[in-house]
Amino acid sequence: MNKPKIVVLGAGLGGTIAAYEIQTAAKGRAEVVMVSNSDTYSFVPSNPWVAVRWREPEAIQVHLPPIFARKKIGFTAVGAKRLHAVEKRLELNDGSNIIYDYLVIATGPDLAFDEIEGLGPHGGHTVSICQTAHASAAADAFDRFVENPGPIVVGAVQGASCYGPAYEFALILDTELRRRKIRDKVPMTFVTAEPYIGHLGLDGVGDTKGLLESTLRERHIKWVTNARVARVEAGMMHVEEIAEGGAVARTHDLPFAFSMMLPAFRGVPAVRDIPGLTNPRGFILIDKHQRNPAFPEIFALGVCVAIPPTGPTPVPVGVPKTGFMIESMVTAIAANLDAILDGKEPTAEASWNAVCLADFGDGGVAFVAQPQIPPRNVNWAASGKWVHLAKIGFEKYFLRKVRKGENEPFYEKLALHVMGIKKLRM
Ligand SMILES: Cc1cc2nc3c(=O)[nH]c(=O)nc-3n(C[C@H](O)[C@H](O)[C@H](O)COP(=O)(O)OP(=O)(O)OC[C@H]3O[C@@H](n4cnc5c(N)ncnc54)[C@H](O)[C@@H]3O)c2cc1C
């Protein structure tokens with residue numbers, strides 16, 4: 001009799017370790033196959049370092065096929081064109097099809113640059129750090145910028161759900177410009193949809209408001225909150241500041257010689273607009289066991305899952321999905337597939353906590369939010385040089401486990417050992 005086939009879609013931060021952990025959990029009872037659209041794994045959290053040449057792209061990338069072969073997990077880098085959920089069929093970009101018994105969607109975000117005129121690296125005027133190739137192109141633009149410095153605008157646009165990397169990049173740029181002794185030639189502005197600095201899509205964690213405001217003040221970075229980017233022209237960003245109730249309170253025309261704005265995210269085309277599977281933005285609807293209610297053989301993890309916002313804000317602000325949450329989603333899915341392969345009902349639930357390190361190049365802010373949405377049992381933030389060192393450790397640790405083909409949760413260790421917080425994933 002054929003073994004059931006478990007397909008993992010997307011070999012990013014979550015999907016790669018999910019394939020490893022599911023293969024281990026399946027204990028030979030299922031065939032596990034990865035459908036990726038690239039042979040290469042990229043460690044996305046290090047992209048801001050690539051954009052200032054603190055890392056070469058190759059240093060944060062892993063060639064996956066030999067690792068998957070060694071682990072006896074099927075692998076294709078052809079990419080999925082379209083999911084046909086009713087037929088349990090995945091149509092691939094080369095015209096072939098895979099029929100699955102279980103599907104784990106880990107496709108990350110589609111980057112919605114096209115929603116704002118002039119935004120983004122494909123024909124727009126702002127660079128991106130969302131993908132390693134984008135960060136590499138941003139490094140070329142940064143090389144040109146330092147020859148002829150001018151104003152910088154960094155931030156996250158309306159509907160973005162990822163704010164930490166925007167703060168990181170602004171402060172990494174500040175560190176790099178000070179090292180080059182040209183910071184005095186560069187007025188910097190942080191532009192964000194958040195209602196206040198340090199909201200982070202989480203309504204703040206500990207005193208991230210105070211910590212990040214004082215950091216921006218100390219480093220002479222001005223800010224605009226409740227910001228809606230109306231359009232971007234070459235060298236000029238047009239920003240509307242929105243009041244409670246939705247009216248435009250002020251407008252800002254911000255000149256720039258270099259700009260990085262995180263876009264809003266939405267679901268990738270291969271899984272978008274499938275009734276019952278996705279919300280209107282194309283994110284996968286899941287229950288507390290990471291399973292889609294309409295198609296219970298489909299699980300999802302990472303940035304592609306649907307999470308409601310923390311609460312109303314003048315400008316739409318999404319909730320981030322970060323490494324700790326993603327690791328716990330992976331572990332829950334592996335445990336649930338293990339149960340299902342034994343003919344049992346799934347019971348494992350992911351913890352919806354955030355444990356984050358925001359690196360500023362020579363320091364940083366760490367925070368722990370348990371649960372992610374307030375009010376919380378643990379609401380902790382701290383800053384210091386140790387955060388930068390911890391982030392380097394995080395990169396090394398994560399890349400090592402991807403290369404070794406293992407999934408040993410990193411964030412739990414970080415939370416337990418560095419911060420002394422017990423039973424965070426309970
Ligand atoms: C710049 C940046 C920095 C971040 N830094 C941190 C951090 O420091 N700490 C933290 O906790 N979180 C961080 N995050 C948030 C989050 O951890 C990352 O976005 C993470 O990469 C999300 O993992 P994922 O597996 O959901 O998606 P991804 O890592 O984006 O992986 C999705 C994968 O699916 C593939 N895919 C997409 N469509 C298809 C298709 N049709 N067929 C096959 N494959 C497909 C993609 O190519 C990609 O490889 C950061 C995010 C960004 C953008």
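The questions and answers below go through aromatic pairs, charges over rings, the ligand shell and two further residues.

Me: What kind of model is this, and how are residues numbered?
Reply: This is a predicted model, in which local features need pLDDT of at least 70 and side-chain atom pairs count only at pLDDT 80 or more, while totals for chains, interfaces and linings use all residues. Side-chain values use heavy atoms, with hydrogens and water left out, and residues are numbered from 1 along each chain as its sequence is written.

Me: How are the planes of phenylalanine 68 and phenylalanine 75 arranged?
Reply: Rings of Phe, Tyr and Trp (its six-membered ring) pair if their centres lie within 6.5 Å, and planes under 30 degrees apart count as stacked, over 60 as edge-to-face and the rest as tilted. The structure holds 10 aromatic pairs. The ring centres of phenylalanine 68 and phenylalanine 75 are 5.1 Å apart and their planes stand at 55°, so the pair is tilted.

Me: Is phenylalanine 75 buried or partly exposed?
Reply: Buried means under 20% relative accessible area, exposed over 50%, and partly exposed in between (1.4 Å probe, protein chains only). Phenylalanine 68 has 0% relative accessibility and therefore counts as buried. Phenylalanine 75 has 23% relative accessibility, so its class is partly exposed.

Me: How many residues apart are phenylalanine 145 and phenylalanine 258?
Reply: Phenylalanine 145 and phenylalanine 258 form a tilted aromatic pair, with 5.6 Å from centre to centre and 45° between the planes. Helices (H or I, at least four residues) and strands (E, at least two) are DSSP runs, numbered from the N terminus. The pair links distant parts of the chain, since phenylalanine 145 belongs to helix H4 (residues 132–147) and phenylalanine 258 to strand E17 (residues 258–262), and their separation is 113 residues.

Me: Which residues do ring pairs link into a cluster?
Reply: Phenylalanine 145 counts as buried at 3% relative accessibility, and phenylalanine 258 is buried with a relative accessible area of 3%. Both belong to a cluster linked by ring pairs, made up of Phe142, Phe145, Phe169 and Phe258.

Me: Which ring does the charged end of lysine 321 sit over?
Reply: A charge sits over a ring if NZ of Lys or CZ of Arg is within 6 Å of the ring centre and within 35 degrees of the ring normal. Lysine 401 lies over the face of phenylalanine 398, at 4.5 Å from the ring centre. The charged end of lysine 321, at 4.2 Å from the ring centre, sits over phenylalanine 283.

Me: Which helix gives the largest share of the shell around the ligand?
Reply: The residues of this shell divide into 17 nonpolar, 12 polar and 2 charged. Helix H1 (13–26) and helix H7 (323–341) each supply at least two of the shell residues. The largest share, 3 residues, comes from H1.

Me: How far is an oxygen atom of the ligand from an N or O atom in the side chain of lysine 391?
Reply: An oxygen atom of the ligand is 3.0 Å from a polar backbone atom of leucine 13, and a backbone N or O atom of glycine 323 lies 2.6 Å from a ligand oxygen atom. For the side chain of lysine 391, the distance from an N or O atom to a ligand oxygen atom is 2.4 Å.

Me: Where is isoleucine 116 placed?
Reply: Isoleucine 116 counts as buried at 8% relative accessibility. Its C-alpha atom is separated by 32 Å from that of alanine 59, 57 residues apart along the chain. The place of isoleucine 116 is in the loop between strand E10 (110–111) and H4.

Methods: Polar contact = N/O pair within 3.5 Å; in protein donor to acceptor, adjacent residues only side chain to side chain. Nonpolar A, V, L, I, M, F, W, Y, C, P; charged D, E, K, R; others polar.
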